[in-house]
Amino acid sequence: MTTSSDSRRGTDTKLGHLGREPQRFDGAVNPPVYHVSTVLAPDLDTYEAGGRRRYEHGEMVYGRYGTPTHHALESALSELEGAADTVILPSGLAAITCALFAVVRTGDHVLVTDSAYGPTRGFCTGLLQRMGVSTTFYDPTIDPEGLAALIRPETKAMVLEAPGSMTFEVQDVPALAQRAKAAGLCVLMDNTWATPLFFQPIAHGVDLSIQAATKYIVGHADAMLGAVSASDAWARTLRSTMYELGMSAGPDDVYLGMRGLRTLGVRLRQHWRNALTVAEWLRDRPEVAQVLYPALPDAPGHEVWKRDFAGASGLFGVVLAEPYSRDAIAAMLDGMSLFGIGSSWGGYESLMIACYPEKARTATTWDAPGPLLRLHIGLEDPADLIADLEAGFARLTAGG
Ligand SMILES: *Cc1c(COP(=O)(O)O)cnc(C)c1O
């Protein structure tokens, strides 16, 4: 599959070729979908060696340990992430919980950004708490000294998410990771917003890089999938944890992830271009106080984004300029003709929801002149999206 000379190729070339082995599959361009639980061994010796062989990449031992369909996506993501290994999980949240389970034991303490994805918080304050693992949420814009002050003898891990998927703070990943690593912590990062195309966590000091592949990798709002890519030091523990948890993704969904990956480069560049066009238009609107899109020069975190990221995806926040009523917000959203109201993002289509960070945070406060909307800018023509938003603002200001 991947050879060292492949590593020097451009990202789009890699996206077109990683994980493919046509000679192995009768010439088929795409690795086929294997529907399999039992894998028959040729003899008893081979069968009994299965426990060891499930760690040897590419070996198919039992359905739960992965098929060639899984191995294709795992090897492609490992190459893109610069990782020693990648495991595929049945959802982005499963990727987060599997990564944390790989690291913590009872009595440990973890540091989690206050801007974390809601269900990440829920896992920390729910199941992890019940297992005797405590969590301190920290200000996403904390500096390394501030972080150091939160580290206790039992602190085991730090979770980053940059930018936060609701409030879009861009964390200084290299500085925070370096400080955390100096204290012996395992550094985890939710990299769903940027994907490995626009940010490379492992090269910036992260140990476990997490993708909700449901979003941009699948890219078509039709499958749930997650992935965790590990540095050398964590690869074996991550894989054995995934095996112990039995969290295997179905082969059809993995196939959709592989298929989405092929076009990730072109899609992301278009999401970026469209999002920038819409964000610039929004910034100049009287109904808008601030657009939280790190690619905008006046947005919070722009400098760090420019330093560390290779691009911006299609998701951003819009802080409204006045405390518009819930009825007015509902009138705006309910009447949109192109923007759908729904969870998730990263598909080809545009979405819009209202967010309430003030209800989610514990380490920081959220002060804004008006409600926060979260927009996902899809691959539609930006002029049509802008017209939809313009009509939406008319409903908003009419008061609903
Ligand atoms: C959606 C999302 C997840 C969870 O992914 P699922 O596949 O929905 O479980 C995790 N992190 C971020 C930032 C997300 O937006």
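At what angle do the axes of helix 5 (residues 92–103) and helix 10 (residues 235–245) cross, and within what distance do they come? In this predicted model, local features need pLDDT of at least 70 and side-chain atom pairs count only at pLDDT 80 or more, whereas totals for chains, interfaces and linings use all residues. Residues are numbered from 1 along each chain as its sequence is written, and side-chain values use heavy atoms, with hydrogens and water left out.

The two axes come within 9 Å and cross at roughly 115 degrees, where axes are lines fitted to C-alpha atoms, for helices over the stretch in contact, and angles run from 0 to 180 degrees between N-to-C directions. Helix 5 is therefore roughly perpendicular to helix 10, a class that spans 65 to 115 degrees. Helices (H or I, at least four residues) and strands (E, at least two) are DSSP runs numbered from the N terminus. At the crossing, Cys98, Ala99, Phe101 and Ala102 of helix 5 meet Thr237, Leu238, Thr241, Met242 and Leu245 of helix 10, contact being defined as heavy atoms within 4.5 Å. Among the buried residues of helix 10 are Leu238, Thr241 and Met242, together with Arg239 and Tyr243; buried denotes under 20% relative accessible area, exposed over 50% and partly exposed in between, with a 1.4 Å probe and protein chains only. The cover over these buried residues includes helix 4 (68–81), strand 1 (85–89), helix 5, strand 6 (208–211) and strand 7 (226–230). Helix 10 is followed by glycine 246, whose phi is positive, near 70 degrees.

Strand 2 (residues 109–113) is mostly covered, with five of its five residues buried. His109, Leu111 and Thr113 lie on one side and Val110 and Val112 on the other, and both faces are covered. In a regular strand, side chains alternate between the two faces of the sheet. Strand 2 pairs in the parallel sense with strand 3 (residues 134–138) over five bridges, and also in the parallel sense with strand 4 (residues 155–161) over four bridges; pairing requires that DSSP find at least two bridges between two strands. Valine 112 stands opposite valine 159 in strand 4 and opposite phenylalanine 137 in strand 3.

Elsewhere, arginine 273 lies in helix 12 (residues 264–283) and, because its relative accessibility is 57%, counts as exposed. The C-alpha atoms of arginine 273 and proline 382, which are 109 residues apart along the chain, are separated by 9.0 Å.

Notes:
Angles under 35 degrees count as roughly parallel, over 145 as roughly antiparallel, 65 to 115 as roughly perpendicular and the rest as oblique.
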